Amino acid sequence: MNPEKVITRIAPSPTGQMHIGTVRTALFNYIFAKQNKGTYFVRIEDTDRERNKEEWVDAIWNDFEWCGLKPDAKYRQSEHIERHKELLQKLVAEDKAYISREPKKDDPTEEVEVVRLRNPNTTITFTDLIRGEVSFDTTEHGDFVIARSIDDPLYHFAVVVDDGDSCVTHVLRAEEHISNTPRQILILEALGYTRPTYAHFPLILAPDRTKLSKRKHAASVEQYRTQGFLPEAMINYLALLGWNPGGEREIFSLDELIKLFSFERMHKAGAVFDIEKFRWFNHEYLKLLPMQEFVDRLSLFMTERGDTVPPYLPQIGVELRNRAQTFGEAADYLKGGEFSFMEDTIPAPTGELLLQGAKADAAAVKTNLTKVVELLLEHEPFTAESVKEAIFPYATEQGRASVLWPMRVALSGKEKSPDPFTLAGLLGRKKTLERIEKALRML
RNA sequence: GGCCCUAUCGUCUAACGGUUAGGACGGAAGCUUUUCAAGCUUUAAAUCGGGGUUCGAUUCCCCGUAGGGUCACCA
């Protein structure tokens, strides 16, 4: 019955590829808003004209769309520049801030007129949903700069104004911002806005336990998309970095996360991003996909990557997906000839390879292969299971290695491949028999 | 360095004073259609240290130690 509607936001800056930490913060903002039937929006923080680039603005929209985190609204901070100027002037007029003529910081030969806030030098205490009460002495900040000039606001000022005007109720962001919070509260109080509720999420760490950075580590959404990770797996994995619903289940859909999320179960310490576990999650999600969808999405991935999609992809889908944890790996397997046995043009295996794992001599292998042909000549139906039924008793009798190894090599032409029955099922009777006959001539 | 935050297997974590400290990833071993992968089974592996509080501490308090974040005319 609380009349106050929850409003959350994510505020990325368009200075490069989107960081997966940004996605996680967006995710929790999204989840919390949805859980409370509130609103979640994206605001692009583009007040730094020198570092921003249009291409990164587009990348942000694309990345969020790919992740499945659709905002209820979106806008750019630069659209509000007039409002920022207005409030900057108001603050100066009220003597809560003042214009200070001083040498430019990175070029002391030049003089600038920055705007500084009159710091009341108080101790600011705020409640953090994750960390409880947090206090900072703000005297150390002095009269800090809030604008490069009277019409060029800086981050802290712009954030406070935009959050205030957008009636953001919950500022949920990463821990790196926690020591910025008191400064923003000081600005907020000077401006007279209502203070939102804060929460600071633990950081995502690299294996060396420092903040995961795009410079040093694989940390951008784009990289993982390019490697063929599924957005649903990424969402799930990211949600479980620093949070869990208790119990032993790990696979959760976005809807389930919305139902289960709570700040009480949020960790306070940073969590190391483990690519191996992420790959495991991805594999789990790959296996959850209906085969047709797996094939379609992989085909799309390969096409975008410039790879040729082999016509036999649907047939080997199950085998391929067992092996590959990501679409990227699947594409690599295909490209690397892992499934070359599906091609009609493969050369016959050498006699040496046919005997390599057979634990028997050429004469015995020849006999066994001949027998296999005989057993399969009219066997019905010709599926992996039924081929196994036809061959297995004989193989067991003769020593499985002496039958199964050469049969598998004859069918695949390779040292490593799926088992002979799967191969036969995939190839069909005609090709199966042809390849065994061909192998027989190599002995 | 100042300020702030944090601390359970290598990693992600469960336990909200009483458990043989559980699960997952990864590792190791074994099984299978004597290859590869997947799958299944088994297994090693942790409460940072020291003081308290308590009949009893992973859990509460204090002090260390270690790690991280932040200290812009970036966001």
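Guide: Ground rule before we start: two strands count as paired if DSSP finds at least two bridges between them. Strands (E, at least two residues) and helices (H or I, at least four) are DSSP runs, numbered from the N terminus.

Visitor: Noted. What kind of model is this?

Guide: This is a predicted model: local features need pLDDT of at least 70, side-chain atom pairs count only at pLDDT 80 or more, and totals for chains, interfaces and linings use all residues. Residues are numbered from 1 along each chain as its sequence is written, while chains are lettered from A and ligands numbered from 1 in the order in which they are written.

Visitor: Strands, then. What stands opposite Leu-172?

Guide: Ala-199 in β11. β10 and β11 (residues 197–201) pair in the parallel sense, over five bridges.

Visitor: How many residues of β10 are buried?

Guide: Four of the five in β10 (residues 170–174), so the strand is largely enclosed by the rest of the structure. Buried means 20 or more other C-beta atoms within 10 Å of the residue's own; exposed means 12 or fewer, partly exposed is in between, and C-beta atoms are placed from the backbone.

Visitor: And β6, what is its count of buried residues?

Guide: Zero among its six residues (123–128); β6 is hardly covered. β6 pairs with β7 in the antiparallel sense, over six bridges. A hairpin of three residues joins the two. Thr-125 has Ser-135 in β7 as its bridge partner.

Visitor: In what order do the strands of the open sheet run?

Guide: β1-β2-β3, three strands with parallel pairing. β1 (7–10) and β3 (73–76) are the edges, each pairing on one side only. The twist averages 25 degrees from one strand to the next; axes are lines fitted to C-alpha atoms (for helices, over the stretch in contact), and angles run from 0 to 180 degrees between N-to-C directions.

Visitor: Over how many bridges do β2 and β3 pair?

Guide: Four, with β2 spanning residues 39–44. Phe-41 has Ala-73 in β3 as its bridge partner.

Visitor: Where does the largest share come from?

Guide: From α16, with four residues. Among the other elements supplying at least two are α9 (275–288) and β4 (97–103).

Visitor: Is α16 buried or exposed?

Guide: 11 of its 13 residues are buried, so α16 is largely enclosed by the rest of the structure. Trp-405 and Arg-408 are among the buried ones.

Visitor: How far apart are its end C-alpha atoms?

Guide: 17 Å, which agrees with the 18 Å that 13 residues of α16 should span at 1.5 Å a residue. That expected span is 1.5 Å times one less than the number of residues.

Visitor: Last topic. Where does Tyr-312 lie?

Guide: In the loop between α10 (291–305) and α11 (313–323). Tyr-312 is partly exposed, with 14 other C-beta atoms within 10 Å. Its C-alpha is 28 Å from that of Gly-357, 45 residues apart along the chain.
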